[in-house]
Amino acid sequence: MLNNMESLKQDISDYFIIGRLRIFEINASYVEESPELSNNLLGRMLECVNDCEEELILIDSLTILAVSASENTLLNFFRECLKLCDKEKTILISVHGYAFSQEVLYRLRSVCDSCLELRIEQVGDKLIKTMEIQKLRGAKKNYWKYVKF
């Protein structure tokens with residue numbers, strides 16, 4: 001994770017070294033077969049996030065758990081994360097959109113403070129990464145909706 005962030009010119013290693021950033025690694029390749037295990041792991045992850053003292057929490061990626069967890073568990077997880085954000089934590093969660101039904105995706109967007117969608121698009125013979133700002137609570141209406149890089 002630290003190497004990937006550095007390659008994106010977002011070096012966060014100092015925060016990690018001084019204890020202001022914690023990275024939780026989950027090897028969950030077997031979870032897709034067990035919705036009960038996914039639900040339990042999401043609950044445990046929430047406990048870990050709640051107990052840690054770090055201000056910034058990165059969860060990359062929630063996809064493997066989200067695919068098989070129940071809708072109620074997912075919605076509760078995001079609601080509880082939002083409560084933690086009200087207590088001065090910043091929680092960034094990446095997840096592939098295919099992990100949710102369209103209905104759950106709409107409900108999750110309403111719960112979250114911000115929602116960004118990353119895509120790779122082909123323009124001519126080049127691949128361009130696009131970030132669409134779908135929701136950004138507190139931003140003025142005249143913010144840029146798309147960023148290409």
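**Close-up views of a predicted model**

**View 1. T130 and its surroundings.** The side chains of T130 and E121 make a polar contact of 3.2 Å (a pair of N or O atoms within 3.5 Å; within protein, one must be able to donate a hydrogen and the other to accept it, and residues adjacent in sequence count only if both atoms are side-chain atoms). This is a predicted model: local features need pLDDT of at least 70, side-chain atom pairs count only at pLDDT 80 or more, and totals for chains, interfaces and linings use all residues. Side-chain values use heavy atoms, without hydrogens and water, and residues are numbered from 1 along each chain as its sequence is written. T130 lies in strand β5 (residues 126-136). Strands (E, at least two residues) and helices (H or I, at least four) are DSSP runs, numbered from the N terminus. T130 counts as buried because its relative accessibility is 1% (buried: under 20% relative accessible area; exposed: over 50%; partly exposed: in between; 1.4 Å probe, protein chains only). Beyond neighbours within four places in sequence, T130 contacts include E117, L118 and Y146 (heavy atoms within 4.5 Å).

**View 2. Strands around β2.** Strand β1 (residues 21-23) runs parallel to β2 (residues 56-60), with 3 bridges. Pairing requires at least two DSSP bridges. I23 has L58 of β2 as its bridge partner. Strand β3 (residues 90-94) is also parallel to β2, joined by 5 bridges. Here I57 is opposite I91 of β3.

**View 3. Helix α5 and its packing.** The buried residues of α5 are L74, L75, F77, F78, C81 and L84. They pack against α3 (35-51), β2, α4 (63-66), β3 and α6 (102-111).
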